[in-house]
Amino acid sequence: MRTVLFVDDEQPIRNALERMYLERDDVRCLFAASGQEGLEILEKEDVWVVVSDYLMPGMRGIEFLSKVKGKRPDTVRIMMTAYADLSIAIDAINKSEAYRFVTKPWNNQDLMNVIDEALMRYQLVQSLVSDDETLYLSLAQTVELKDPYTKGHCDRVALYATSLARAAGLSNDFINDIKHGSWLHDCGKIGVPEEVLNYPGRLSEENLETVMQHPRWGSEVARQARMSETVINVILYHHERYDGDGYPSGLKGEQIPIEARVVAIADVFDALYSDRPYRKAFEFSRVIEIMGEMTATHFDPRLMDLFLPISEEVRTNG
Ligand SMILES: [Fe+2]
């Protein structure tokens with residue numbers, strides 16, 4: 001069960017947090033008045049997310065969180081801090097003792113959103129840690145549910161990407177990793193709010209920034225789940241462009257790992273060739289025309305050449 005442990009030495013704060021979650025029966029809340037007590041609870045309970053106060057008598061928040069990290073590295077750690085301690089909190093995040101911080105006094109909805117995101121992150125890592133392929137796919141489908149227009153997208157991207165990888169002469173193991181990477185390429189979208197993902201018009205600057213975080217967010221999760229470098233590269237670099245104008249790293253040409261160059265082509269092909277919230281699918285000839293114009297700016301031209309006969313086949317077979 002989705003479990004959150006709150007650690008704060010002040011009773012009124014613990015009470016306020018408890019009240020906040022009264023109506024949420026999908027989250028189990030545990031409370032501790034000190035770091036020591038928190039660690040004891042962690043021994044016995046399956047805690048997904050820890051929210052710790054920074055300034056506590058005895059064990060300080062940072063010390064507590066670093067102990068949590070040592071004992072239960074997968075538990076997602078959130079620090080709560082007064083504005084005055086902000087620079088220390090940021091330092092804690094940089095040293096990766098904490099995943100996020102929340103300032104006191106907090107806004108209930110904001111805090112719950114941060115915790116919900118942390119719970120999702122935990123769940124995601126747990127499903128990725130297993131070797132079970134079917135779990136990866138069901139995870140990809142969970143992400144697709146957030147955006148109904150992308151139904152089947154991950155599976156089709158995997159199909160096109162593996163065909164292209166085969167045409168490029170990559171090894172079977174590599175191709176298998178590309179399949180997993182394709183399924184999971186957008187798993188970072190689990191951290192993007194639905195109203196942003198499904199927004200029918202042009203996104204505001206701020207929301208665009210949020211969406212553009214998905215490769216990094218997803219790859220961090222995959223790394224934490226100890227997935228292979230190939231899978232991580234697909235997730236992290238599938239929005240890079242051949243001319244270096246992509247994101248998040250602005251890699252250029254062959255600097256972009258081939259697995260990501262392969263999936264980028266498959267991803268865009270499927271995006272154009274299927275319905276989207278803001279438009280219908282393009283005709284096949286138009287898809288190829290658009291992708292032709294994008295070759296050299298977006299795609300590896302050599303891979304694009306190999307992809308053309310594959311796209312033909314997709315058209316004939318529906
Ligand atoms: Fe993406």
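The model is a predicted one, in which local features need pLDDT of at least 70 and side-chain atom pairs count only at pLDDT 80 or more, while totals for chains, interfaces and linings use all residues. Residues are numbered from 1 along each chain as its sequence is written. The protein holds 15 helices and five strands, where helices (H or I, at least four residues) and strands (E, at least two) are DSSP runs numbered from the N terminus. Its radius of gyration is 22 Å, close to the 20 Å that the globule rule gives for 318 residues, so the protein is as compact as a globular protein of that length; the radius is taken over C-alpha atoms, and the rule is 2.2 Å times the number of residues to the power 0.38.

**Overall form and domains**

- The C-alpha trace of the protein spans about 65 × 40 × 35 Å along its principal axes.
- The protein is divided into domain 1 (3–124) and domain 2 (132–317), with bounds that come from an automatic or database domain assignment.
- The centres of domain 1 and domain 2, taken over C-alpha atoms, are separated by 34 Å, and the contact between them takes four residues from domain 1 and five residues from domain 2.
- Two residues are in contact if their C-beta atoms, placed from the backbone, lie within 7 Å, and among contacts with a separation of 6 or more, 64% are accounted for by residues 24 or more positions apart.

- Of the 318 residues, 38% count as buried, which requires 20 or more other C-beta atoms within 10 Å of a residue's own, whereas 12 or fewer make a residue exposed and values in between make it partly exposed, with C-beta atoms placed from the backbone.
- Ile265 touches Leu164, Phe299, Leu303, Met304 and Phe307, when residues up to four places away in sequence are not counted.

**Strand S4 and its partners**

- Six of the seven residues of strand S4 (residues 76–82) are buried, so this strand is largely enclosed by the rest of the structure.
- S4 pairs in the parallel sense with strand S3 (residues 49–53) over five bridges, and two strands count as paired if DSSP finds at least two bridges between them.
- Within that pairing, Val50 has Arg77 of S4 as its bridge partner.
- S4 also pairs in the parallel sense with strand S5 (residues 100–104), over five bridges, and there Ile78 stands opposite Arg100.

**Helix H12**

- Eight of the nine residues of helix H12 (residues 229–237) are buried, so H12 is largely enclosed by the rest of the structure.
- The buried residues of H12 include Val231, Ile232 and Tyr237, and its buried residues pack against helix H8 (172–184), helix H11 (214–224) and helix H13 (258–272).

**Ser127**

- Ser127 is found in helix H5 (residues 108–129), and it is partly exposed, with 18 other C-beta atoms within 10 Å.
- Ser127 touches Leu135 and Leu139, not counting residues up to four places away in sequence.
- The C-alpha atoms of Ser127 and Ser138 are 9.3 Å apart, and these residues are eleven apart along the chain.
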